[in-house]
Amino acid sequence: MQNFTNEELKILRGIHTVLGRKYSKSGKYVSLIAQGKREANTDVAKNILNDLKTILNILKPNSN
């Protein structure tokens, strides 16, 4: 269950460490959530996933 496509993961590169710091988690933990290798079944993991989606909406170029 991958949360983001490979293209979206490229856009989010570098964000993992910053979000990890925000939630007192490692960048690897955030990366595993983004890749779908770690379920977002805790409140912190759900918040990280929501933040990743929000950041992606900001950084993703429009297809216009």
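I started at I33 and found that, leaving aside neighbours within four places in sequence, I33 is in contact with N3, R38, A45, I48 and L49; contact here means heavy atoms within 4.5 Å. Before going on I noted that this is a predicted model, in which local features need pLDDT of at least 70 and side-chain atom pairs count only at pLDDT 80 or more, while totals for chains, interfaces and linings use all residues. I also noted that residues are numbered from 1 along each chain as its sequence is written, and that side-chain values use heavy atoms, with hydrogens and water left out.

**Overall fold**

I looked up the secondary structure next and found four helices and zero strands, in the order α-α-α-α along the sequence. Helices (H or I, at least four residues) and strands (E, at least two) are DSSP runs, numbered from the N terminus.

I then checked the dimensions: the C-alpha trace spans about 35 × 25 × 15 Å along its principal axes. The radius of gyration of the chain is 11 Å, which agrees with the value near 11 Å that a compact globule of 64 residues would have; this radius is taken over C-alpha atoms, and the globule rule is 2.2 Å times the number of residues to the power 0.38.

Of the 64 residues, I recorded 33% as buried, where buried means under 20% relative accessible area, exposed over 50%, and partly exposed in between (1.4 Å probe, protein chains only). Among contacts with a separation of 6 or more, 58% are made by residues 24 or more positions apart.

For the surface, I noted that the chain exposes about 4,400 Å², of which carbon and sulfur atoms supply 48%; accessible areas come from the Shrake-Rupley method with a 1.4 Å probe, and for residues only the protein chains shown count as cover.

I found 11 positive and 5 negative side chains, with the centres of the two sets 5 Å apart. In this tally Lys and Arg count as positive and Asp and Glu as negative, while His and the chain ends are not counted; the place of a charge is taken as NZ of Lys, CZ of Arg, CG of Asp or CD of Glu.

Which residues have the most contacts inside the largest nonpolar core? I listed F4, L12, L19, I33, I48 and L52, in a core of 15 residues. Such a core is a set of buried Ala, Val, Leu, Ile, Met, Phe, Trp, Tyr and Cys residues joined through side-chain atoms within 4.5 Å. Helices α2 (15-22), α3 (27-35) and α4 each supply at least two residues of this core, and the largest share, five residues, comes from α4.

Returning to the helix that holds I33, I found Y29, V30, S31, I33 and A34 buried in α3, and the buried residues of this helix pack against α1, α2 and α4. Just after α3, G36 takes a positive phi of about 80 degrees.

**N3, before the helices**

I looked up N3 as a partner of I33 and placed N3 in the segment before α1 (6-11). N3 counts as partly exposed because its relative accessibility is 25%. Beyond four places in sequence, N3 is in contact with I33, A34, Q35, G36 and L49. The C-alpha atoms of N3 and K37 are 9.0 Å apart in space, although the two residues are 34 apart in sequence.

**D51 in α4**

Is D51 buried or exposed? I found D51 in helix α4 (residues 43-59), and D51 counts as buried because its relative accessible area is 19%. Not counting residues up to four places away in sequence, D51 touches L19, K22 and Y23.

**Loops and the exposed end of the list**

In the loop between α1 and α2 I looked at R13, which is exposed at 62% relative accessible area. R13 and S31 are 18 residues apart in sequence and 9.1 Å apart from C-alpha to C-alpha.

In the loop between α2 and α3 I looked at S24, where phi is near 55 degrees, a positive value in a residue other than glycine; S24 is exposed, with a relative accessible area of 67%. S26 is found in the loop between α2 and α3 and is partly exposed at 40%, with its C-alpha 8.0 Å from that of H16, 10 residues away in sequence.
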